[in-house]
Amino acid sequence: MIGAAYAAEDVGHGDGHGGGGTGLPDPMHQFEIRRLIDLDAFGFDASFTNSALFMVIAAALITLFTVLAMRKGALVPGRLQSVAELSYEFVANMVRDNVGTAGMKYFPFIFTLFMFVLALNMLGMVPYSFTVTSHIIVTFALAAFIFIGVTIIGFWKHGIGFLKFFVPSGVPFIMLPLLVVIEVISYLTRPVSLSVRLFANMMAGHTMLKVFGSFVVALGLLGGWAALAFMVAFTGLELLVAFLQAYVFAILTCIYLNDALHMH
Amino acid sequence: MGQALRLATELVAGVAVGGFIGWALDQLFGTAPFLMVAFLFLGGAAGIMNVVRTAKAMQGEPMPGHHLRNATDDDED
């Protein structure tokens with residue numbers, strides 16, 4: 001599907017009106033990666049792309065937001081400070097609920113992760129912007145980093161005993177070799193399902209928004225209103241999905257961390 | 001939509017990862033395609049196990065925001 005979209009991109013390159021001759025804009029055009037500054041690092045293409053630009057914007061926005069909001073540090077918080085404290089409380093409670101107090105050591109990481117994914121998702125809702133989390137390589141890199149980190153924490157805390165995590169209890173001895181293999185595969189699917197969930201939700205939502213947006217134009221002044229009304233409702237839903245997926249991403253990281261720290 | 005998609009990805013991810021491991025082992029030992037077939041089934045089993053676990057977790061899972069209320073009564077280590 002993605003390959004086909006990229007092929008269509010080559011036909012209608014740059015103007016966003018590929019669409020395979022139907023006259024409608026290409027809904028996949030929004031996911032196109034563009035090189036802004038060409039960079040070459042030891043033979044690898046390390047160009048500064050629009051994807052990288054939006055990651056920088058997201059990181060800058062989060063830093064600006066937290067620093068500006070907490071600048072005064074008033075006892076009775078103002079509006080901006082309330083939002084910053086609310087987001088802190090939200091993530092802190094999430095970590096405490098799912099990992100326990102032992103997990104608060106990893107709170108800075110979870111908070112950064114949640115705010116980063118949330119900022120990227122929300123930036124994607126701004127018209128003409130680029131949704132970084134709609135690219136599976138980005139979400140997979142995040143998920144793989146979490147997966148490797150959590151596995152290292154598991155082995156660090158429990159030593160070689162962490163391998164017992166893969167041995168289900170109360171199983172006949174003959175079944176063990178089979179079940180251990182299944183458990184290991186099940187463990188290895190974690191980064192895949194974690195990354196695919198975020199990527200699929202963001203990409204499906206944004207494609208759908210574009211498709212219905214093009215319906216508004218195609219149906220014109222007479223029939224376009226129905227599609228426009230749907231678009232308004234669907235944009236609200238997409239805002240919810242953008243938040244919910246950031247939440248799910250963070251909470252699953254908490255659950256995986258809990259497995260590594262406490263082994264059920 | 002979110003929950004159904006979540007269950008679907010769990011199942012597909014299981015089969016995909018199982019298949020990939022089998023394929024990689026096949027390349028390593030030159031036993032194509034037997035290990036891939038075996039690991040596709042094992043991956044399917046892992047996927048189904050993940051789906052059952054996720055579904056169980058979903059049934060007991062509180063709605064988002066529930067966590068804000070009872071923050072203290074959870075230290076079960």
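User: Angles under 35 degrees count as roughly parallel, over 145 as roughly antiparallel, 65 to 115 as roughly perpendicular and the rest as oblique. At what angle do the axes of H5 and H6 of chain A cross?

Analyst: The axes of H5(A), residues 136–158, and H6(A), residues 176–262, cross at roughly 15 degrees and come within 6 Å. That's why the two are roughly parallel to each other. Axes are lines fitted to C-alpha atoms, for helices over the stretch in contact, with angles from 0 to 180 degrees between N-to-C directions. This is a predicted model: local features need pLDDT of at least 70 and side-chain atom pairs pLDDT 80 or more, while totals for chains, interfaces and linings use all residues. Residues count from 1 along each chain's written sequence, and chains are lettered from A and ligands numbered from 1 in written order.

User: How many helices and strands in chain A overall?

Analyst: Six helices and four strands, in the order α-β-β-β-β-α-α-α-α-α. Those are DSSP runs numbered from the N terminus: helices are H or I, at least four residues, and strands are E, at least two.

User: Changing topic: which residues touch the most others in the largest nonpolar core?

Analyst: Ile110(A), Phe114(A), Val117(A), Ala250(A) and Cys254(A), out of 55 residues. A core is a set of buried Ala, Val, Leu, Ile, Met, Phe, Trp, Tyr and Cys residues joined through C-beta atoms within 7 Å. Buried takes 20 or more other C-beta atoms within 10 Å of a residue's own; exposed is 12 or fewer, partly exposed in between. H6(A) has the largest share of this core, 19 residues.

User: What does Cys254(A) touch?

Analyst: Leaving out residues up to four places away in sequence, Cys254(A) touches Met94(A), Val95(A), Asn98(A), Val99(A), Gly103(A) and Ile110(A).

User: And how many residues go into the contact with chain B?

Analyst: Chain A puts in 22 residues and chain B 24. H6(A) gives the most on the chain A side, with 15.

Terms used. Two residues are in contact if their C-beta atoms, placed from the backbone, lie within 7 Å.
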